Amino acid sequence: MMKHLPTRWIRLAGVVVAAAVIAAVATHRIDMAAVHRYAARLNGGVAFALLVILPLTGFPASVVHVAAGVRFGVGRGLLLVGISIGIQLLASYAIARRWGGRLDRWVGPLRRRIPAQARASVAVLAVLIPGAPFAAVNYALPLVGVPLRTYLLCCWPLHLLRATITVTLGGESAGFTPLRLAVLGGYAVLLVTASGWAYRQLRRRLGDPSPAEGDRTQPV
């Protein structure tokens, strides 16, 4: 089975495992109980405002989601992260549609190449790209013509699914055990591998449509 898995996905899984090991070492070197006590003193409204605003400016969402787990815990953190992602998607869509016309010279040709029936696949592909910046994905999809309903249905659950790792990492950081780290690391590897498989399948299905194919009307 492993020989059929692309090298880049094996490397990425290795990075995830290494990150889990680093997290384990860090929890022994950093007084995580003190970090959680400090986070608990941070005003909840301010923390949520930062959770919403920082990723819109390009700040790494993964870092903010870890902080949300530390401040609010896993359950409440995931709920608030889910709400924040919904707000960010709506705001990103509005911003891109309001001021994105200035970029039409560059994105217009790409938008015309994407058939209407392929826009959902394009949205899913963009979210699944390993390492793709959260804000860049959210701003780019409206620019290439992905409708709001498709944008929300594809991006919201996938962003939240990926956030479960970082929020859990923050929420459990005060009480990590080798077993918890192993479970979290295994889940991260499973999610990365599943994302890689879905990414390849969607790329194969989407292909690289030519402008003529993008303009062709589907038979009724």
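With a relative accessibility of 2%, Leu51 counts as buried, where buried means under 20% relative accessible area, exposed means over 50%, and partly exposed lies in between (1.4 Å probe, protein chains only). Before we go on, keep in mind that this is a predicted model, in which local features need pLDDT of at least 70 and side-chain atom pairs count only at pLDDT 80 or more, while totals for chains, interfaces and linings use all residues. Residues are numbered from 1 along each chain as its sequence is written, and side-chain values use heavy atoms, with hydrogens and water left out.

Let's stay with Leu51, which sits in helix H3. What does Leu51 touch, not counting residues up to four places away in sequence? The list is Val64, His65, Ala68, Leu80, Val81, Ser84 and Gln88, where contact means heavy atoms within 4.5 Å. Leu51 and Val63 are 12 residues apart along the chain, and their C-alpha atoms are separated by 9.8 Å. Leu50 is also in helix H3, but Leu50 is partly exposed, with a relative accessible area of 39%.

Now step back to the whole chain. It has 11 helices and zero strands; helices (H or I, at least four residues) and strands (E, at least two) are DSSP runs, numbered from the N terminus. Of the 220 residues in the protein chain, 39% are buried. Take the contacts between residues at least 6 apart in sequence: 82% of them join residues at least 24 apart. Ala67 in helix H4 gives you a pair to look for: Ala67 and Gly170 are 103 residues apart in sequence, yet 6.0 Å apart in space, C-alpha to C-alpha. Ala67 itself is partly exposed, at 43% relative accessible area.

Next, follow helix H5, residues 74-99. Its 26 residues should span 38 Å at 1.5 Å a residue, and its end C-alpha atoms are 36 Å apart, which agrees. (The expected span is 1.5 Å times one less than the number of residues.) Among the buried residues of H5 are Gly77, Leu80, Val81, Ser84, Ile85, Gln88 and Leu89. An α-helix has 3.6 residues a turn, so residues three or four places apart point the same way. What covers the buried residues of H5? The cover includes helix H3 (44-56), helix H4 (61-72), helix H8 (134-143) and helix H9 (148-171).

Val81 also turns up in the largest nonpolar core, which has 30 residues; Val81, Leu141, Tyr151 and Cys155 have the most contacts inside it. H3, H4, H5, H7, H8 and H9 are the elements that give two or more residues to this core. A nonpolar core is a set of buried Ala, Val, Leu, Ile, Met, Phe, Trp, Tyr and Cys residues joined through side-chain atoms within 4.5 Å. In soluble globular proteins, nonpolar side chains tend to be buried together.

Leaving out residues up to four places away in sequence, Leu141 touches Val122, Ala123, Ala126, Val146, Tyr151 and Cys155. Val122, Ala123 and Ala126 are among the buried residues of helix H7. Helix H7 (residues 119-128) is mostly covered, with eight of its 10 residues buried.
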